[in-house]
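Visitor: I am new to protein models. Could you show me how to read one?

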Amino acid sequence: MGGNEDHRPIAVVTGAARGIGKGCAEALGRRGFDLVLVDVLEDELAATVEGFARGGVAARGFIADVADHHRAQEVAGEVLERRAAIDVLVNNAGTPMPKGLLEIEEHEWDRTIDVHMKGCFNWCRAVAPSMLARGAGRIINISSVSANSGGVTSAVSKFAYAGAKAGILGMTRSLAKELGPWVSVNAICPGAIKTEITASMLEARAAEFIGSICLGRLGTPADIGEVAAFLATVEPNYISGQAITVDGFQWAT
Ligand SMILES: NC(=O)c1ccc[n+]([C@@H]2O[C@H](COP(=O)([O-])OP(=O)(O)OC[C@H]3O[C@@H](n4cnc5c(N)ncnc54)[C@H](O)[C@@H]3O)[C@@H](O)[C@H]2O)c1
């Protein structure tokens, strides 16, 4: 990224080194966005940025923990030194929390809330002012089907994760009201998506999962990326404050 690039739209994707975040970045890159990719995994992020460069997509990687408020301000500030505004923000970074109420430690609860909910707050706070100043922007928050259904007792993520993801839905609806009509804010609730973090669990229970998914397969990062790219680009846009479930219609877990 460099030079006179203000004519191209720019998207920030958190947790973009791999998985669903990378899938969202790929879909946005295909639609002509310059990319700002945020993650904590240095090597994976460098490889992802390099992959985009090879494909002719302008991408910059920033090492940042989304739970770090100051770092979000710093990274957004650095991007906005060169660009008038950030067009799209995808709040995707997240980690599972497989512990139930009787096993979880206080610091694990705090960390789950910090990464998912505070991370979403930190990046909305860092990016929204430039969107409002320009009078346009789109924010897409990655929640989960578990926000509505509750964490699955035998899966990687239980009540703390489900609570944090439900909190993201509340934030999505509130921010849609607060930032409209200039900025649309929507959430995506993925179902069982095969990524680095879920692969072993999903492979072990593949038959059971696939048997309960009407579209007959596990999801992929591209399935979520395409919906994120739709929300980021649809014109005219009349969608805000919504949570879109993308799970192949899984009727039981
Ligand atoms: N895979 C699924 O089935 C599924 C289902 C519902 C929701 N989700 C959500 O989708 C998002 C992506 O999940 P995934 O399956 O791609 O996982 P993943 O582990 O493959 O990718 C997550 C990425 O986020 C990064 N990350 C984690 N914590 C971070 C932090 N504090 N700061 C910056 N980066 C951080 C990781 O390093 C990683 O690159 C998460 O929010 C997850 O909760 C996933």
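Visitor: Which residues form a negative surface patch?

Guide: First, a caution: this model is predicted. Asp and Glu count as negative. Here Glu42, Asp43, Glu44 and Glu196 form the negative surface patch.

Visitor: Where does Asp43 lie?

Guide: Look for the helix. Asp43 sits in helix α2, which covers residues 42-54.

Visitor: Now Phe230. Which helix holds Phe230?

Guide: Phe230 belongs to helix α9, residues 221-233.

Visitor: Why does Phe230 count as partly exposed?

Guide: Under 20% is buried, over 50% is exposed, and partly exposed is in between. Phe230 counts as partly exposed because its relative accessibility is 39%.

Visitor: How far apart are Phe230 and Gly219?

Guide: There are two ways to answer. In sequence, Phe230 and Gly219 are eleven residues apart. In space, they are 17 Å apart, C-alpha to C-alpha.

Visitor: Let us step back. How many helices and strands does the chain have?

Guide: The chain has nine helices and seven strands. Of its 253 residues, 50% count as buried.

Visitor: What does the radius of gyration say about the chain?

Guide: Compare it with a rule for globules. For 253 residues, a compact globule would have a radius of gyration near 18 Å. The chain has 17 Å, which agrees.

Visitor: What does the C-alpha trace span along its principal axes?

Guide: About 50 × 40 × 35 Å.

Terms used
Residues are numbered from 1 along each chain as its sequence is written. This is a predicted model: local features need pLDDT of at least 70, side-chain atom pairs count only at pLDDT 80 or more; totals for chains, interfaces and linings use all residues. Side-chain values use heavy atoms; hydrogens and water are left out. Patches are made of residues with over 30% relative accessible area and no salt bridge: like charges are joined within 9 Å, nonpolar side chains (Val, Leu, Ile, Met, Phe, Trp, Tyr) within 5 Å. Accessible areas come from the Shrake-Rupley method with a 1.4 Å probe; for residues, only the protein chains shown count as cover. A salt bridge is a side-chain nitrogen of Lys or Arg within 4 Å of a carboxyl oxygen of Asp or Glu. The place of a charge is taken as NZ of Lys, CZ of Arg, CG of Asp or CD of Glu. Helices (H or I, at least four residues) and strands (E, at least two) are DSSP runs, numbered from the N terminus. The radius of gyration is taken over C-alpha atoms; the globule rule is 2.2 Å times the number of residues to the power 0.38. Buried means under 20% relative accessible area, exposed over 50%, partly exposed in between (1.4 Å probe, protein chains only).
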